[in-house]
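Here are my notes on the model you sent, as numbered points. Please read them with the structure open.

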Amino acid sequence: MLWRCERNLLYITRRRQILKTIPFKSIHYISSPQVCSKTTQEPLKLFSRESFDDPHQDFPNKSKPIILCPHIVYSALLNCPSDLIALSFFIWCAKQRDYFHNAQSFDYMTSVVTRLTGRCKTVRGIVSELERVGCVTKAQTFLLLLRIYWRGGMNEMVFETFEELGHFGYTPNTFARNIVMDVLFKIGRADIGIKVLKENQSPNFLSFNIALCNLCKLNDMVNVKHVIRIMLRKGFYPNVETFEMVLNCFCKMGRITEAYQVLGLIITLGISLSVNAWSVLIDGFCRFRRLDMAVYFLEKMVETGCSPNVVTYTSLIKGFMEAKMVSSAFSILDIVESNGHAPDLVFYNVLIDCLSKIGRYEDALDVFAGLSKQKLVPDSYTFCSLLSTLSLSRRFSLLPKLVCGLQVEADLVVYNALLSYFCKAGFSNQALELYDSMLDRGFTPDNYSFVGLLSGLCGARRIDEAVNVYQGIIMSYPTIDAYVHTVIIDRLVRVGKCHSAVKLFRRAILEKYPLDVVSYTVAIHGFLKGRRIAEASTLYSQMKDVGLSPNSFTYNIMLSGFCKEKDIKMVEQLLQEIIEARVELNYNTFVRVTKFIFKFHPSSLALNQLSEMWNLGLIPEEAMHVPLFDEFVSCVRVDEQNYSLLKGDVEDNQLLNSSSSDDFSDVAASIG
């Protein structure tokens, strides 16, 4: 047992009575086979108040020692005449050979110790009370209290108990350090948590697993890699579940290189990839539009004898839908049905959401209408997907008809969806009223709630109030994710408050709040919009230094900004990075870059880079239908086959107006 830290704690002797009215020694003589087989009512008699009141009463059948049963101990705890007696008895039972308290007993003791803490105020006060009734203070006393406080989420008392353990002359063992480390991560002090891990002289597998679980939740990629290296050096290896968690974290954050490294480590250690691990990898590549790699891993998955499940196919369909490869997505749907897989509600929720995002609103509504035929009952997530479809299609009048008779529990997910719905529909004041109603009903807001609230305030032009609310949120909820930080910065940039946006972002970096590539991209947008070009370049470099790879939004915003500033060197650098990253330019950015190069630098390296991008398929198809593209074709080196196809396509189509706005509203809207 982890909290037995000294050998002398395992040595059990007859001890004096903790209370004169409780002959604990007599518990040893209950015949265990008979007692453990009795109903729960008989233990209530054995440990009833009448038994405690008679100091001479002994239990029958003293010939055999008792093996304590959890349900007997739990019944006794319920019948203890006071919280102090219950805690004394709990500690005494924990010292008996081969007995371990179960979760039910610990849960009950959480309320007991909470009341004792309220009365005694401090851990030392509780220990003094225990000593007063004859309970000798040993290391195990503190370790049990530590575990109870930890289970009850009483973080301050965890730290106090840990300190008292040292004040009484005991050296905290690995289990105690693990608890303190876990609490430090949970309250957002990952730096101190890592320090506790490093200073632990005898870490075990649980030490590293606790650190990795918490760091993955915090999306702290740097420390995840650091902890894995320490773990391997110490001779511990992550299990399958831990590897899946780390893989999922890297893939979710777009850290494909690190995901490959983890995959290599799994293979090197001879661990077979589970269907969950395969699905995580496939989902990770689908998220970042690397569908070729997603399909490759699907083929490898099948080759190894691991069958894809509905979760795997859901990720693939979502990936193809987001890439607007609808026919391929429906082909996968046919495979799902032909293989006998029964799509679940999550599958259909994703399908409704994806169809609405690519403008297939009628199809999305048809899927929703067909759920009854599949004998599936819509849940809160279905309702959220439906709201998304209606808000994107601007068909607000359909909502009463579609939800008529639909019974969906008004949980936090529904409230968050309605908040987003009102904000997108332009009903900012209704969104704020809904947020107040949510609080009145006792719901605890989460990151999505905060996003809805901040979006509503900014949409109502209550900017100062939005900033104040944001500052209050980060003080009360230090573990909010990057999305909340990104939203307030983006909304400030949109309304022209670039200075305020940059100020908040700098504070986020200083306070080490979790930030992702979108957060940095929005901040870079703010710098560029505020004509702070040097700072935008510096922030772009810092983003790459912390291990965040630029995405398509980042490149498009940077290129647009530096074309506007007529900085050809930076444009050439960015184009080269885009070529290496195989990122496709969007239409407006391509037009802006091409106009800039032809007008100011027709003989620069950038022209050849555009040629290479065309050969790699990184030029948007719609860009071929603008007058400027004809000039581009005649100037750049395009291979002969592509050139002839391109010229024929251009000649057969009506040319569109090439005018484009110089602002960043299109990209900013995509980020938002």
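**Notes on the predicted model**

1. Helix H6 itself covers residues 83-94. From first C-alpha to last, its 12 residues reach 17 Å, close to the 16 Å expected at 1.5 Å a residue.

2. How many residues of H6 are buried? The count is 12 of 12, and H6 is thus described as mostly covered. The buried residues include Asp83 and Ser88, along with Phe89, Phe90 and Trp92.

3. Ser82 belongs to the loop between H5 and H6. Its relative accessibility is 30%, so Ser82 counts as partly exposed. The C-alpha atom of Ser82 is separated by 9.9 Å from that of Leu116, and the two residues are 34 residues apart along the chain.

4. For the protein as a whole, the secondary structure comes to 39 helices and zero strands. The protein has 672 residues, of which 50% count as buried. It exposes about 32,500 Å², and carbon and sulfur atoms supply 52% of that area. Among contacts with a separation of 6 or more, 69% are between residues 24 or more positions apart.

5. Next, the aromatic residues. The count of aromatic pairs comes to 17. One of them is formed by Tyr260 and Phe297; it is tilted, at 6.4 Å centre to centre and 40 degrees between the planes. Tyr260 lies in helix H16 (residues 256-268) and Phe297 in helix H18 (residues 291-303), so this pair ties together parts that are 37 residues apart in sequence.

6. What arrangement do the rings of Tyr448 and Tyr483 have? Their centres are 6.4 Å apart and their planes stand at 65 degrees, so the pair is edge-to-face; the cut-off for that class is over 60 degrees. The pair links distant parts of the chain, with Tyr448 in helix H27 (residues 447-459) and Tyr483 in helix H29 (residues 482-494), 35 residues apart. Tyr448 counts as exposed because its relative accessibility is 56%. Tyr483, at 37% relative accessibility, counts as partly exposed.

7. Another ring to check is that of Phe106. The charged end of Arg147 sits over this ring, 4.1 Å from its centre.

8. Why does Thr554 count as buried? Its relative accessibility is 1%, and buried means under 20%. The side chains of Thr554 and Thr521 are joined by a polar contact of 2.6 Å. Leaving aside neighbours within four places in sequence, Thr554 is in contact with Val517, Thr521, Ile524, Tyr540 and Met543.

Terms used:
Residues are numbered from 1 along each chain as its sequence is written. This is a predicted model: local features need pLDDT of at least 70, side-chain atom pairs count only at pLDDT 80 or more; totals for chains, interfaces and linings use all residues. Side-chain values use heavy atoms; hydrogens and water are left out. Helices (H or I, at least four residues) and strands (E, at least two) are DSSP runs, numbered from the N terminus. The expected span of a helix is 1.5 Å times one less than its number of residues. Buried means under 20% relative accessible area, exposed over 50%, partly exposed in between (1.4 Å probe, protein chains only). A polar contact is a pair of N or O atoms within 3.5 Å; within protein, one must be able to donate a hydrogen and the other to accept it, and residues adjacent in sequence count only if both atoms are side-chain atoms. Contact means heavy atoms within 4.5 Å. Accessible areas come from the Shrake-Rupley method with a 1.4 Å probe; for residues, only the protein chains shown count as cover. Rings of Phe, Tyr and Trp (its six-membered ring) pair if their centres lie within 6.5 Å; planes under 30 degrees apart count as stacked, over 60 as edge-to-face and the rest as tilted. A charge sits over a ring if NZ of Lys or CZ of Arg is within 6 Å of the ring centre and within 35 degrees of the ring normal.
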